[in-house]
Structure formats: structure tokens, C-alpha cells
2 protein chains.
Amino acid sequence: MTAYHRLEERFRRIGAIEQAISVLHWDTASMMPEGGAAARAEQLATLRLITHQDLVAPEVEELLANAEVSLNDLGEWQRANLREMRRRWLHAAAVPGALVEAESRACSECEVVWRRARMQNDFAAVLPGLERILRIEREIGAIKGERLGTSPYEALLDQYEPGASVALIDRLFDEIAGFLPDLIEGALDRQAALPPPIISGSFPVEKQRGLATRLMERIGFDFAHGRLDISAHPFCGGTPDDVRITTRYNESDFACALMGVLHETGHALYQRGLPAEWRLQPVGRARGMAMHESQSLLLEMQVCRSRAFLTYAAPIIRETFGGAGPGWQIDALYQRQIRVRRGFIRVDADEVTYPAHVILRYRLERAMIAGDLRPSELPIAWAAAMREMLGVAPDNDREGCLQDIHWYDGNWGYFPTYTLGALIAAQLFEAARRDIPDLMQAIAEGEFAPLLGWVRERVHSKGSRLSTAELVESATGQPLGTASFERHLRDRYLS
Amino acid sequence: MTAYHRLEERFRRIGAIEQAISVLHWDTASMMPEGGAAARAEQLATLRLITHQDLVAPEVEELLANAEVSLNDLGEWQRANLREMRRRWLHAAAVPGALVEAESRACSECEVVWRRARMQNDFAAVLPGLERILRIEREIGAIKGERLGTSPYEALLDQYEPGASVALIDRLFDEIAGFLPDLIEGALDRQAALPPPIISGSFPVEKQRGLATRLMERIGFDFAHGRLDISAHPFCGGTPDDVRITTRYNESDFACALMGVLHETGHALYQRGLPAEWRLQPVGRARGMAMHESQSLLLEMQVCRSRAFLTYAAPIIRETFGGAGPGWQIDALYQRQIRVRRGFIRVDADEVTYPAHVILRYRLERAMIAGDLRPSELPIAWAAAMREMLGVAPDNDREGCLQDIHWYDGNWGYFPTYTLGALIAAQLFEAARRDIPDLMQAIAEGEFAPLLGWVRERVHSKGSRLSTAELVESATGQPLGTASFERHLRDRYLS
């Protein structure tokens with residue numbers, strides 16, 4: 001067996017264990033009784049340790065080197081697979097075990113403190129933990145950066161969005177920051193002239209679930225290969241052949257769960273569409289978090305908040321809940337889906353203000369990793385950034401720098417992927433409308449197969465064969481930019 | 001670290017992986033969409049291979065030997081743990097890899113053929129597969145028997161019921177076979193004089209589930225550490241801190257699911273009551289399949305089919321389904337729970353005829369393993385044994401030697417544990433009634449804590465510290481026998 005094939009065998013085993021971890025993670029969030037938590041933590045830690053040991057075993061480095069000298073014997077997918085193996089090995093092997101353990105302990109401890117600190121609006125309580133995590137993340141970033149030939153912050157980014165460059169993100173985010181304030185202003189002005197869309201009532205969970213699964217199936221979610229369940233924090237998990245998405249229901253507002261399900265369905269369709277012949281191999285996985293988010297935002301924001309989609313869905317929504325009257329008409333439902341608001345909370349934000357939340361976090365975390373901003377200065381820096389980006393700022397940390405778990409749980413470099421995903425989604429959808437005649441008409445008639453086929457061919461089936469930049473350009477004919485996103489926002493919110 | 005502690009560490013890891021396997025197995029049966037089957041098979045095969053490799057790694061044999069020379073340094077539980085480690089290692093390491101693989105393949109292939117053969121009543125179709133499995137099981141039995149110092153059949157038994165002796169089982173089963181025919185005859189005679197108990201109607205799944213969970217909780221099942229779900233074949237799985245039981249509902253008969261749930265609840269309480277300080281270690285596990293079955297039969301047969309239990313439960317059952325009239329009275333419900341019938345199918349059998357089904361299978365599988373009975377002769381031998389044990393025989397193999405999966409899936413030596421479990425259950429319950437004043441009165445009032453406390457202390461908390469024989473004797477003051485079981489049957493069915 002060649003070195004490459006021995007690597008494939010090893011990564012197949014790692015991939016199978018990671019699938020098991022993913023199913024157990026879903027179970028933890030959606031099925032497990034609370035008393036199972038400690039035992040589950042040990043099961044997951046044991047399986048994670050096994051995959052880590054498999055990945056950093058001494059022979060892997062040798063196999064990688066041997067396989068890389070015989071690159072010409074490999075096909076295109078195999079070469080890409082080998083590149084992804086190298087990348088995964090590098091991230092796993094770069095950091096000394098003691099530092100990995102220190103990170104894991106610091107994050108577990110800080111997360112607990114953060115939950116209470118957020119509730120009690122007590123930033124000072126969590127500051128020592130945050131400082132400790134930052135020290136560790138800076139060290140990890142420096143070590144990985146040296147191996148990757150990148151800055152420390154880019155090395156952290158690379159964990160979530162392989163190959164992401166700060167130069168590109170800076171340029172894109174600066175462009176967005178340039179046009180966003182006027183756009184928000186304009187959207188709010190236009191919106192103020194409309195009557196506020198109101199539907200009130202009680203929407204039983206079973207009806208909401210029925211509506212969600214009906215639309216999921218219509219869009220292309222295959223329940224022979226997936227499930228929809230309930231969890232406190234909605235997510236998409238499971239495996240490509242068995243995709244598990246979750247939501248939570250609010251009986252006084254059906255749109256929250258519905259749009260959440262459609263968002264997760266976008267993630268799910270990506271998972272399901274990954275290349276079956278490369279299952280369990282690194283190259284068969286989703287490209288990165290930006291591309292993953294682009295698939296959820298393509299479905300939720302681009303498709304399902306469009307007037308075309310509501311043309312199809314409004315009668316089904318009315319039928320589900322027995323709705324009648326002006327609030328239930330297509331246009332009223334549409335206006336309801338595109339409300340803009342200058343809020344404090346990222347996860348509640350609309351697609352217009354969302355990038356502002358992301359950009360300010362990106363700038364702050366970069367400054368902290370660079371050593372230019374101390375955690376103790378975060379509350380003041382946060383308020384200043386909010387006022388600059390959104391024109392409003394909360395008078396407390398609970399709705400400010402304590403609102404997101406990411407920094408307190410070691411996920412530094414993750415935030416930018418949300419907005420990169422929004423840019424990719426807009427660019428993909430614009431390209432799809434160009435390539436598929438009458439796409440919006442098809443959507444208005446509830447026909448999603450043309451779009452799904454397009455995105456399967458252009459994105460899902462590629463797995464991780466290309467870089468994100470190559471994938472965007474090959475799918476849309478253009479390098480990643482902000483123009484499609486800006487056009488989308490202007491069309492929807494200003495015209 | 002001593003050899004013993006290194007073994008504990010290794011078995012802790014094996015135990016955690018086995019817990020993960022158990023949760024995934026539950027998911028496969030109760031949650032997984034059909035399209036996830038192939039990926040799940042690979043996940044499970046990968047995890048099973050890891051535990052097998054961990055168990056048979058060369059250093060384990062050395063560690064066991066080193067630990068065993070320092071027995072005096074170990075406490076009582078540690079010594080028992082070491083004995084169980086040795087036993088697990090022996091079963092895993094005794095058989096060459098090629099034979100393990102041949103068994104696995106033969107069973108997978110035969111099981112598929114068996115499903116069709118049973119449906120089509122075509123024993124000839126599955127005969128070659130059965131012959132192949134028998135050859136393999138005889139070889140495994142011979143190899144393990146040599147290592148264990150037992151006969152081949154006892155070595156197979158030992159996989160499910162450690163330390164079981166054929167001499168004891170023969171004696172117990174011969175005693176049962178001696179009194180059973182008259183007892184069945186007598187029970188049927190007495191029953192014939194009673195009006196047939198009939199409740200008909202429609203029993204919605206949600207109401208059945210509500211009744212089941214209400215009784216489960218009352219009996220002591222803790223939903224903070226477990227769940228009740230649906231699967232095609234009811235079972236008890238999960239882990240001691242997160243016990244997952246399943247059932248299936250028949251809307252025209254509430255008693256099937258209810259008694260099934262109470263049976264699995266018995267298994268679940270055993271799991272839950274295993275010694276927490278020995279979690280993940282071999283000595284912390286259930287003692288064997290006979291003891292496990294004793295716990296389900298103790299609850300289902302001894303407790304929940306008693307008139308005392310129905311005194312408590314009848315009003316709740318009536319309230320659940322809005323039942324009224326003579327069929328819903330305590331005595332009518334009780335008579336319904338203790339109907340006896342000479343049937344062909346083991347899984348539908350009542351507790352009086354059940355041992356007959358088990359004894360004939362035990363005798364036939366022993367004869368096949370010994371080489372005294374050829375699989376081709378099985379249908380004729382089956383009919384003869386049925387007539388001898390039960391006085392009736394089916395005119396087809398579907399209701400005869402094709403009915404159970406065990407032989408076609410490699411589970412030779414399993415059958416006796418059902419009836420050993422019934423004997424232990426009767427003996428335990430008799431001892432509990434002797435030790436706990438007014439136990440039946442407590443049950444009639446829906447008070448189960450005294451019984452649960454007794455069985456927790458005497459059985460559950462012991463894990464695998466004692467052998468089954470020692471455990472029965474320490475809990476009841478008597479060696480395992482048939483007297484309690486016979487008294488129980490005579491009391492309930494003849495007096």
C-alpha cells in the first residue's frame with residue numbers, strides 16, 4: 001500500500017469516529033436527559049482523544065512527506081485530499097499537548113463563569129478568565145502562524161476558514177462599512193413609511209413543525225437521510241447521510257422557528273450534497289465555515305425572505321394556521337421578513353445590520369490578538385465601535401461584549417465567517433439567477449430543483465477540492481467581492 | 001503506576017467507547033432515518049474494532065499477569081475487577097482474528113437469508129448458512145473451552161452468563177420439566193372455569209405512553225437519567241447514568257406495551273443501580289444475562305402481574321382510558337395478565353409455558369454443539385421436543401425452528417439465561433417478601449421504594465463483584481433452585 005493509501009485508511013477511521021462524535025453531540029443537545037451529562041462528556045473526550053492521537057501519531061508526518069514526494073501518482077481529488085490531510089495534521093500537531101490541555105481547561109472554566117457573568121452583567125467577574133484565554137490563543141496563533149506562514153490572527157482564522165487572508169477580509173469589510181450606514185438609514189426611512197406588519201395569535205408547535213417539514217421537503221430535504229428535532233440552540237449536525245437539524249418553537253411567533261429551520265436546511269443541503277465518493281476523507285468535507293454559512297444564508301436570506309418565496313409560501317402559511325386578513329397577505333408577510341432594526345444583539349439582527357455586528361467583533365478580536373487592545377478595555381471599545389458602526393450602544397455589558405460565547409469559549413477568528421458567508425450567498429444567488437432563466441418565477445411556484453441542482457453542481461459536490469476563493473470564483477465567474485451583496489440589499493431594502 | 005492501575009485506565013477508555021456504542025445502537029433502533037444505515041454500520045464497526053484492539057493489545061496480557069502476582073495489594077473490588085478484566089481479555093483474545101471475521105461475515109449473511117426464509121417458511125434456504133455458523137460456533141466453543149477449562153457449550157454460555165455450569169442448568173431444567181406439564185394442565189383447567197377476560201377498544205399511543213411513564217416514575221425510573229422511546233424491537237440500552245428503554249404500541253391492546261415497558265424498566269433499574277464508583281470498569285457492569293433477565297422478570301412477572309399491583313394500578317388504568325364495566329375491575333385485569341396458553345411462539349408465551357420453550361432450545365443447541373444433532377434434522381427434532389414439552393407442535397417451521405433469530409445470528413448459549421432469570425426472579429421476590437414486612441400491601445398501595453431499596457442493596461450495587469451463584473445466595477440465603485419458582489407458579493395459577 002502506498003503512503004497515500006495508508007493515509008486514506010487512517011483518515012477514514014478518523015472520519016468514522018468524528019461522525020460518531022457528531023451524532024453523540026446531536027444527542028447531547030436534543031435527546032439526552034440532564035443526568036447523562038457527565039458520562040457523555042467522558043465518552044466525547046475519549047473519542048476526541050482517539051482522533052487526536054490518530055492524527056498526531058509519529059508515522060503520520062512520515063506518511064505525509066512520503067505521499068507528497070509522489071504527487072504525480074495521484075489524481076486531482078487525491079492531491080486535494082492530501083493537502084487537506086496536511087492541513088488537519090498541521091493544526092493538530094503544531095500545538096504542544098500541554099497547551100491544548102491548558103486551552104481546553106481555560107475554556108471550560110471560563111465558559112461557566114461567563115454564563116453567570118452575562119446573566120449578572122458582571123464583566124469584571126469573567127475578565128481574568130478572558131485574559132487567560134487570550135494569552136493562550138495568542139500563543140496558539142503564534143505557533144500555528146509560524147507553521148502556516150501567516151500572522152497569528154490568520155492562523156486562528158484558518159481553523160474555521162482555511163486560507164482566509166486578513167488583507168482580503170479588511171478590504172471587503174471596509175467596503176461594507178463604507179456603504180452600510182447609509183443603507184441602514186435608507187432602509188429605516190423607507191420602512192417607517194409602511195404600516196407595521198403585525199400578526200398575533202397562538203401557533204401550536206405541532207402546526208409549526210408540520211409547516212416546517214412540508215417546506216423542508218419541498219425545498220429538497222430528504223427525511224430518509226435526516227431528522228428535525230428540538231434543542232435550546234438550533235444547529236445542523238449529524239452526518240452527510242443522516243443530517244440532524246434542530247430548532248426551537250415560540251408559540252406566539254411562528255416566523256422564528258420557520259426561518260431558523262430554513263436556515264439550518266441550507267446547512268443540511270450542503271452536508272447532504274457533499275461528494276459521496278469522498279465520504280470520511282478530509283477532501284469530502286464542507287469547505288469551511290464561510291461556505292457553510294453561505295449555504296444557510298442563501299436559503300434563508302436570499303431565497304426564503306424573497307417576495308417570490310412568499311408568493312409560494314403565503315397560502316401554505318395561511319392554510320397551516322387558519323390565518324385571514326391583511327396581515328396574512330403576501331406583501332405583509334414579506335415586509336415582516338425584512339424588518340430592519342438597530343439592535344444590540346447579533347443573533348437577533350436582520351441581514352442589513354448583521355455585518356455591522358460582525359465587523360466590530362472582527363476588529364476588536366484582531367486588536368486583542370495583536371496586543372493592541374487589552375480585555376479590560378473591551379467594554380469601552382465595544383461601545384465606541386457600536387456607535388460608529390450602528391449609531392447605538394447598550395448601556396450594559398450583558399447586551400454588549402458579554403452577549404456572545406465565542407471569545408469565552410476559545411473561538412477566536414470565527415466571527416468573520418458569518419459575513420463572508422453573507423457575501424458568498426449574495427454572489428452565488430446572483431450567479432444562479434443569471435444562469436437559470438426564470439429562477440425567481442420557479443421559486444414563486446415552489447420549484448426549488450433548478451436552484452438546488454445548480455448549487456449541488458457548483459458548490460456542494462466539490463467538497464474541499466478547491467479553496468474557498470477558487471470555489472467562489474469557479475461557481476460565480478467572479479472573485480469574492482461585496483458588489484452582489486450591496487446590490488441585493490439596495491434592491492430589497494431601498495427600491 | 002502499577003500494572004493494575006494501568007489496566008483500570010485502559011478499561012476506563014474501553015468502557016467509555018462501549019458507552020458511546022450503546023448510545024449509537026439506541027439511536028440506530030429508535031431515531032436514525034433509514035438512509036443513515038450504511039454510515040452508522042461503519043461508525044459502529046470502527047468503534048468496535050478500537051475496543052477490540054485495545055483489549056487484545058500485547059501489553060494487556062503482560063499487565064494482567066503482573067497485576068495478578070500482586071493480588072494482595074488489591075482491595076476486594078479491585079480483585080474482582082481484575083478477574084473480570086481477565087475474563088473479558090480471554091474472550092477477546094482467545095479466538096484468532098480470521099475466525100472472528102468469519103463469524104461476523106457468516107452471521108451477517110445468514111441473518112439476511114433467515115429473515116426471508118422465516119417469512120417464506122423455507123428452512124432449506126437457510127440450512128447451509130446455519131450449518132456454516134454451527135461449524136464456526138463449535139470451533140469457537142472448542143478454543144474458548146480449552147482456555148476456560150470448560151466444555152465447548154459452557155464456553156459459549158460463558159459469553160452471556162459467566163461461570164454458568166451445564167451440570168447446574170441440567171439439574172434445574174430437569175426439575176422444571178418434571179413439574180411443568182402438570183402445572184400447565186392445572187392452570188388451563190382452572191382458567192377454563194373462568195369467563196374469558198375481554199377488554200376491547202382503541203387505546204391512543206399518547207395515553208398509553210402517559211400511563212407507562214406514570215407507572216415507570218412511580219416504580220422508581222428517574223427521567224433525569226433516562227428516556228422512553230419507540231423501536232420495532234423493545235430493548236433497554238444506553239448507559240447507567242442515561243438509560244434508554246424502548247417499546248412499541250398496539251392501539252387495540254394497551255397491555256402489550258405496558259407490560260413491555262415494565263419489563264424494560266426492570267432492566268433499566270438494574271443498570272441505573274450499578275455501583276457508581278465502578279462506572280466504566282468491568283466489575284461495575286451487570287453480572288450477566290441471567291441476572292439482568294431476573295430484574296426485568298422480577299418487575300414484570302413477580303410484581304406487576306400480581307393482584308397486589310393491579311389493586312394499585314387498576315384505577316389508574318381505568319382513569320387513563322376512561323374504562324368502565326366488569327372487564328376493568330381489578331380481578332378481571334388480573335386474570336387477563338395471567339392467561340396461560342399452549343402456543344408455538346416463545347416471545348408470546350406466558351410465564352408458565354415459557355420455560356418449556358427455553359428448555360427445548362437449550363437441549364437442541366447443546367446437542368448441535370456436541371455434534372449429536374445435525375441442523376438438517378432440526379425441524380423434526382423441534383416438533384418432537386415441542387410435543388414432549390408442551391403437548392403441541394406447529395405444522396410449519398416458521399412457527400417452529402425458524403422463529404428466533406439467535407441461532408442464525410451466532411447467539412448460541414443465550415437461551416438458558418431467560419429461564420435462569422425467571423428462577424432468580426422468583427427466588428429474589430420470595431426473599432424480599434420474607435425480609436420486608438407487608439411488601440405486598442406496599443405494592444397494593446403503589447409503594448415500591450421498599451422493594452427497590454432491597455434489590456438495590458442486595459443485587460444492583462454489587463455489579464460483577466460476585467459470581468451469579470454467589471450473588472443469588474448472598475441475596476436470598478439459598479443457592480439457586482427451582483423451589484421458589486414452582487411455589488410462585490402454584491400459588492398464582494393453581495390456588
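This is a predicted model: local features need pLDDT of at least 70, side-chain atom pairs count only at pLDDT 80 or more; totals for chains, interfaces and linings use all residues.
What radius of gyration would a compact globule of 495 residues have, and what does chain A have? The rule puts such a globule near 23 Å, and chain A has 23 Å, which agrees.

Taken along the principal axes, the C-alpha atoms of chain A fill a box of roughly 70 × 50 × 50 Å, and 44% of the 495 residues count as buried. The secondary structure comes to 20 helices and three strands. If we take the contacts in chain A with a separation of 6 or more, 71% of them are accounted for by residues 24 or more positions apart.

Now to the domains. Chain A is divided into domain 1, covering 3–148, and domain 2, which is made up of 149–219 + 254–495. The C-alpha centres of domain 1 and domain 2 of chain A lie 26 Å apart, and the contact takes 36 residues from domain 1 and 34 residues from domain 2.

Which elements of domain 1 give two or more residues to the side that touches domain 2? They are helix 1 (3–30), helix 4 (76–94), helix 5 (97–120) and helix 6 (123–148) of chain A, and of these helix 6 gives the most, with 15 residues.

Key
Residues are numbered from 1 along each chain as its sequence is written. Chains are lettered from A and ligands numbered from 1 in the order in which they are written. Helices (H or I, at least four residues) and strands (E, at least two) are DSSP runs, numbered from the N terminus. The radius of gyration is taken over C-alpha atoms; the globule rule is 2.2 Å times the number of residues to the power 0.38. A residue is buried if 20 or more other C-beta atoms lie within 10 Å of its own, exposed if 12 or fewer, and partly exposed in between; C-beta atoms are placed from the backbone. Two residues are in contact if their C-beta atoms, placed from the backbone, lie within 7 Å. Domain bounds come from an automatic or database domain assignment.
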